[in-house]
Amino acid sequence: MKILVINCGSSSLKYQLIDMEGEEVLAKGLVERIGLEGSLLTHRTNGTKTEIKKEIPNHKVAIQLVIDALLHPEHGALKNLGEIAAVGHRVVHGGEKFARSVVIDEEVMAALRECSDLAPLHNPANIIGIEACQALLPGVPQVAVFDTAFHQTMPKEAYIYGLPYEFYEKYGIRRYGFHGTSHKYVARRAARLLGRPLTELKLVTCHLGNGSSITAVKGGVSVDTSLGFGTISGTIMGTRCGDIDPAVIPFLMEKENLTPGEMNDILYKKSGLLGLSGVSSDARDIEAAAAAGNERAQLALNVLAYLTRKYIGAYAAAMGGLDAIVFTAGIGENSDLIRRMICTGLEFLGAELDEEKNRVRGQEADVATSASKVRILVIPTNEELMIAQETAELLG
Ligand code: ADP
């Protein structure tokens with residue numbers, strides 16, 4: 001069974017064609033600058049890379065180009081479109097309506113449009129991608145896999161904010177959580193690596209990339225997560241501020257005479273590693289600057305490690321125990337330094353990092369000492385494969 005996975009952004013589109021037998025990636029690629037000047041498709045199959053530069057005015061044209069590339073006699077991966085069993089779409093926000101992946105029909109489309117209010121930058125692009133696939137691949141089942149769905153199992157005390165209850169009822173203001181596909185994938189892999197049933201495990205999964213979130217996974221389901229209504233709470237990220245006292249927001253808006261849009265820009269785009277260090281939003285640049293003696297870069301690293309460690313402790317308390325800490329995404333998979341900084345001080349919980357084993361980069365590994373009661377795992381995430389698996393599972 002071959003599944004096409006589509007991740008549609010407002011001006012970009014990522015895709016992978018996955019053969020579920022052997023879970024092999026047959027082709028993958030990226031369309032960039034849709035609707036802008038200089039649009040480009042980069043397509044990869046069997047170690048070959050093809051670049052197609054042409055005007056791509058909209059997502060329908062982008063998906064047609066992807067289909068043409070997949071069918072191409074030289075760099076394609078399909079003989080005919082009938083080989084695509086289904087399309088799995090990443091959808092950012094499923095609100096409270098979607099606690100799991102769904103086969104898309106008219107009713108689902110209407111519900112997705114309703115959720116657009118909650119993710120105005122993302123859901124409209126996801127919807128455009130689905131509509132384009134429906135038009136170009138008629139009769140092929142389309143499945144929506146949500147970033148938020150995995151977190152719909154959180155108990156109410158974990159997802160409700162201490163605001164007047166009417167705002168939850170009127171506007172759906174609550175913690176939703178994101179990166180659910182990644183947290184679910186690494187939790188499943190962790191159970192495999194540990195050789196124990198997921199239903200018995202208490203895990204803290206740390207997805208640390210440009211955007212970051214930390215999740216408490218108890219018995220295979222999310223019981224708390226650090227991102228909330230938007231995507232800025234929790235630990236600091238590349239350019240996002242993480243947890244701050246909300247009192248700062250009206251104070252700053254008044255002092256600096258800021259509009260809500262300008263304030264939002266500060267919280268989402270000018271804060272975090274970038275805002276603290278003044279150097280970069282990229283953890284590699286921050287590590288290099290800190291090593292060269294830049295104190296604010298060192299401070300940014302310290303804050304990232306401190307907040308992440310605090311969440312691990314909080315979630316161990318929320319779950320009443322801890323079997324493993326899982327690190328994933330760009331920083332979690334690759335930075336031995338940041339993993340070490342986070343784990344230093346967690347020995348009291350029974351988590352002991354092995355400095356040697358921790359040198360690993362971008363591959364599955366248990367990096368705890370053999371005596372450590374809590375295992376510390378590095379697991380590269382694979383959201384596309386998870387989307388393909390969910391799509392295949394749903395279609396039986
Ligand atoms: P996104 O959230 O955009 O998917 P990624 O998961 O790719 O982001 O993570 C990007 C982050 O990972 C960047 O901050 C980058 O510096 C960091 N990163 C990647 N490789 C390394 C490395 N070898 N050491 C430290 N940080 C790394």
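A salt bridge here is a side-chain nitrogen of Lys or Arg within 4 Å of a carboxyl oxygen of Asp or Glu. Keep that rule at hand, as several stops on this tour rest on it.

**Before you start**

You are looking at a predicted model, in which local features need pLDDT of at least 70, side-chain atom pairs count only at pLDDT 80 or more, and totals for chains, interfaces and linings use all residues. Residues are numbered from 1 along each chain as its sequence is written, and side-chain values use heavy atoms, with hydrogens and water left out.

**The whole chain**

Begin with a cartoon view. The protein has 14 helices and 14 strands; these are DSSP runs numbered from the N terminus, with helices being H or I of at least four residues and strands being E of at least two. Turn the model along its principal axes, and the C-alpha atoms fill a box of roughly 60 × 55 × 45 Å. For 396 residues, a compact globule would have a radius of gyration near 21 Å, and the protein agrees, because its value is 21 Å. That radius is taken over C-alpha atoms, and the globule rule is 2.2 Å times the number of residues to the power 0.38.

Now colour by accessibility. Buried residues make up 51% of the 396, where buried means under 20% relative accessible area, exposed over 50%, and partly exposed in between (1.4 Å probe, protein chains only).

**Stop 1: the charged pairs**

Side chains of opposite charge can pair when their charged atoms come close. The count of salt bridges in this model comes to 17.

Select E83 and K2, whose side chains meet in a salt bridge with an N to O distance of 2.7 Å. E83 sits in the loop between α1 (59-71) and β6 (84-91), while K2 belongs to strand β1 (residues 2-8), so the pair ties together parts that are 81 residues apart in sequence. E83 has 23% relative accessibility and therefore counts as partly exposed.

Next, pick E114 and K97, another salt bridge at 2.7 Å, N to O. Here E114 is in helix α2 (residues 106-115) and K97 in the loop between β6 and β7 (102-103), so this pair ties together parts 17 residues apart in sequence. E114 is exposed, with a relative accessible area of 53%, whereas K97 at 49% counts as partly exposed.

Then move to D354 and K357, where the closest N and O atoms of the salt bridge are 4.0 Å apart. D354 counts as buried at 19% relative accessibility, and K357 is partly exposed at 37%.

**Stop 2: helix α13**

Select residues 336-343 to see helix α13, whose buried residues are I338, R339, M341, I342 and C343. What covers them? Among the covering elements are β9 (202-208), α10 (283-291), α11 (295-319), β12 (324-328), α12 (329-334) and β14 (375-378). Just after α13, look for G345, which takes a positive phi of about 110°.

**Stop 3**

Jump to I130 in helix α3 (residues 123-136). I130 is buried, with a relative accessible area of 0%. Which residues is I130 in contact with, leaving aside its neighbours within four places in sequence? Show H89, V91, I104, M109, L112 and Q142.

**Stop 4: Q389 and E23**

Go to helix α14 (residues 383-395) and select Q389. Q389 counts as buried at 15% relative accessibility. Not counting residues up to four places away in sequence, Q389 touches M20, E23 and R188.

Stay with E23, which lies in the loop between β2 (13-19) and β3 (24-32). Phi of E23 is near 45°, a positive value in a residue other than glycine. E23 counts as partly exposed, at 37% relative accessibility.

**Last stop: N257**

Finish in the loop between α7 (248-255) and α8 (260-269), where you will find N257. N257 is not a glycine, although its phi is positive at about 55°. Is N257 buried or exposed? With a relative accessible area of 68%, N257 is exposed.

How values were computed: Contact means heavy atoms within 4.5 Å.
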